[in-house]
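Hello,

Here is the structure I promised to pass on to you. Have a look at it first, and then read my notes below with the model open beside you.

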Amino acid sequence: MANSNQGVQKAGDVEILDVKLITTTNNVIDLTDFLAELNIYEDMFANSMHGNLMIVDARNLIEKGPIIGEEYLIVKIRTPSFTDVISKTFRVYRVSDRTIIRDNTMQSFILHFTSIELFNDVLLPLHTFFEGKITDVVSSIYTNYIMEKREYDVGVNEDTLNIKESVSPLIVIGAAANNVKFISPGWTPFKCINWLASKSIPMFATAKNFLFFESNKAFYFGSVETILKNAHEKQNYLGNYTISASNIRNGEPVPDTNREYFLAKDVSMAQTTDYLKNYTNGYLANRLITLDVYNKEYKNIDYDHVANYKNQKHTSPNPKAIFSDDALRNSLTSVDFYPVNDYLFSKETKIGGKITSINFKENISTKMGEIHGNRKSSLLELSNLKLNMTVPGRTDVEVGRVLYFNYPVLGEKESPDEESNDKYYSGYYLVTAIHHSINKSKHMMTMECVKDCLEV
């Protein structure tokens with residue numbers, strides 16, 4: 001957050017710097033005066049962002065633009081006095097809900113938009129050979145097939161239009177230790193990167209929970225465990241959130257704007273632990289059966305998450321598992337199959353004058369026993385406890401950040417000195433999704449937050 005709140009009158013204030021549409025005929029339409037509501041969605045489990053913009057129009061913009069659903073949308077908003085902005089150029093893909101209002105003199109409609117990079121993805125199936133460190137291959141795919149110049153410079157009179165050199169960066173959070181060789185069988189770039197995420201072994205972590213996602217600041221590739229580890233080691237948190245009525249001023253003559261940014265409303269524990277589900281979905285234990293198609297051999301590889309839980313970093317620096325040490329579990333309740341081939345990508349080379357076949361030591365199929373069970377349990381763990389809350393919007397917030405939430409103790413207290421926060425459900429949460437809701441005067445965020453443990 002910025003050091004000063006100068007210019008902020010109340011939490012949720014927003015400056016709409018740009019909401020402009022670039023039509024297929026290169027006309028630039030300033031939509032600021034027509035904006036009713038702007039919704040932007042970001043999600044750690046999605047490769048790209050998307051949103052919609054509701055327009056109330058008395059100038060027949062659809063015809064004059066024309067607006068046909070192939071436009072570019074420039075969005076730039078800022079919390080007053082903040083240095084961080086949300087600045088993106090999106091691609092419109094649909095116009096919907098066109099409705100005539102007020103005696104046929106006005107209309108409303110919704111523009112649906114998504115990241116420009118998604119269009120590069122869906123239009124580019126790859127039949128390409130890739131080799132190298134997984135994080136290097138991911139960077140190469142992003143740079144060569146996904147990355148797009150996505151900022152436009154619009155003249156003062158909106159009569160000039162130039163594209164800037166800036167792009168959305170790809171930030172790698174924790175390198176993968178293993179190499180890979182593969183040929184993309186017509187997969188899109190996003191699918192290739194998702195596949196690589198599912199085959200990544202972290203260099204400085206334990207959990208194999210790599211993800212590829214876009215926030216309002218950048219694209220990210222890395223492990224969830226590394227995100228949590230970095231947040232705790234660097235004390236890099238969004239802040240300390242609590243439930244409170246915004247009109248309670250704690251005796252201040254004027255509202256404390258900075259405090260009100262951390263007051264949550266519409267708080268709900270959207271998901272809690274389902275133990276029956278966890279017994280059967282592979283979270284607590286699972287099995288991978290590998291079949292060597294060359295040697296006609298199979299192997300059973302069991303993974304026990306209860307035994308491995310303490311080896312990983314979690315949302316809390318002092319985690320308490322949501323299961324007991326003797327929790328019921330059976331690896332046979334969740335069985336997956338994977339073909340392996342020790343001679344995949346082997347090559348012949350001359351050693352001491354003799355032709356010898358050398359196998360590719362990092363053959364990913366032979367590494368699946370190390371990856372599969374851990375990754376499955378680590379990702380399922382993020383769905384155990386899920387909290388939704390609505391807070392005043394800030395343009396320095398993005399998915400993949402960690403916050404502290406004070407979950408209140410409910411019911412009557414036995415004494416004034418009794419702990420006011422739930423000792424198990426209060427604590428650190430990872431922000432996995434954000435819905436930004438913006439109009440001309442207010443920016444609100446509905447955040448989905450998860451935790452993979454209780455507090456000690």
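Leu170 has Phe219, in strand 14, as its bridge partner. Please keep in mind as you read that this is a predicted model. Strand 11 and strand 14 run parallel and are joined by 4 bridges. They belong to an open sheet of 3 strands, in the order 11-14-13 and with mixed pairing. Strand 11 (170-173) and strand 13 are at the edges with a single partner strand each, so one side of each has no neighbour in the sheet. On average, and ignoring direction, neighbouring strands here are turned by 15° against each other.

Helix 4 packs on this sheet, where it touches strand 13 and strand 14, and its direction makes about 150° with that of strand 13. Helix 5 lies across strand 11, strand 13 and strand 14, and runs at about 90° to strand 14.

Is helix 4 mostly covered or mostly open? Helix 4 is mostly covered, with 7 of its 9 residues buried. Those buried residues are Pro189, Phe190, Cys192, Ile193, Trp195, Leu196 and Ala197. They pack against helix 2 (116-122), helix 3, strand 12 (179-183), strand 13, strand 14 (219-223) and helix 9 (364-380).

Helix 3 (residues 134-146) and helix 4 (residues 189-197) pack with their axes 10 Å apart, at an angle of about 170°. Angles over 145 degrees count as roughly antiparallel, and helix 3 and helix 4 are therefore roughly antiparallel to each other. On the helix 3 side you will find Ile134, Val137, Val138, Ile141, Tyr142, Tyr145 and Ile146, which meet Pro189, Phe190, Cys192, Ile193 and Leu196 in helix 4. Sorted by class, this contact has 12 nonpolar residues, no polar ones and no charged ones.

**Strand 17 and its two partners**

Strand 17 pairs with strand 18 (residues 297-304) in the antiparallel sense over 8 bridges, and Asn286 stands opposite Tyr303 in strand 18. The two strands form a hairpin with 4 residues between them, and Lys296 in the turn has a positive phi of about 60°. Strand 17 also pairs with strand 20 (residues 335-340), this time in the parallel sense over 6 bridges. There, Asp292 has Val340 in strand 20 as its bridge partner.

In soluble globular proteins, nonpolar side chains tend to be buried together. The largest nonpolar core in this model has 37 residues, and those with the most contacts inside it are Met44, Tyr241, Met389, Leu403, Phe405, Leu430 and Met447. Several elements give two or more residues to this core, among them strand 13 (210-214), helix 5 (224-234), strand 15 (237-243) and strand 23 (385-392). Which element gives the largest share of this core? That is strand 25, with 5 residues.

Neighbours within four places in sequence aside, its contacts include Tyr241, Ala264, Lys265, Asp266, Val267, Leu403, Phe405 and Met447. Apart from this core lies another one of 28 residues, including Leu170, Val180, Cys192 and Phe210.

Enjoy exploring!

Notes:
Residues are numbered from 1 along each chain as its sequence is written. This is a predicted model: local features need pLDDT of at least 70, side-chain atom pairs count only at pLDDT 80 or more; totals for chains, interfaces and linings use all residues. Side-chain values use heavy atoms; hydrogens and water are left out. A nonpolar core is a set of buried Ala, Val, Leu, Ile, Met, Phe, Trp, Tyr and Cys residues joined through side-chain atoms within 4.5 Å. Buried means under 20% relative accessible area, exposed over 50%, partly exposed in between (1.4 Å probe, protein chains only). Contact means heavy atoms within 4.5 Å. Axes are lines fitted to C-alpha atoms, for helices over the stretch in contact, and angles run from 0 to 180 degrees between N-to-C directions. Angles under 35 degrees count as roughly parallel, over 145 as roughly antiparallel, 65 to 115 as roughly perpendicular and the rest as oblique. Ala, Val, Leu, Ile, Met, Phe, Trp, Tyr, Cys and Pro count as nonpolar, Asp, Glu, Lys and Arg as charged, and the others, Gly among them, as polar. Two strands pair if DSSP finds at least two bridges between them.
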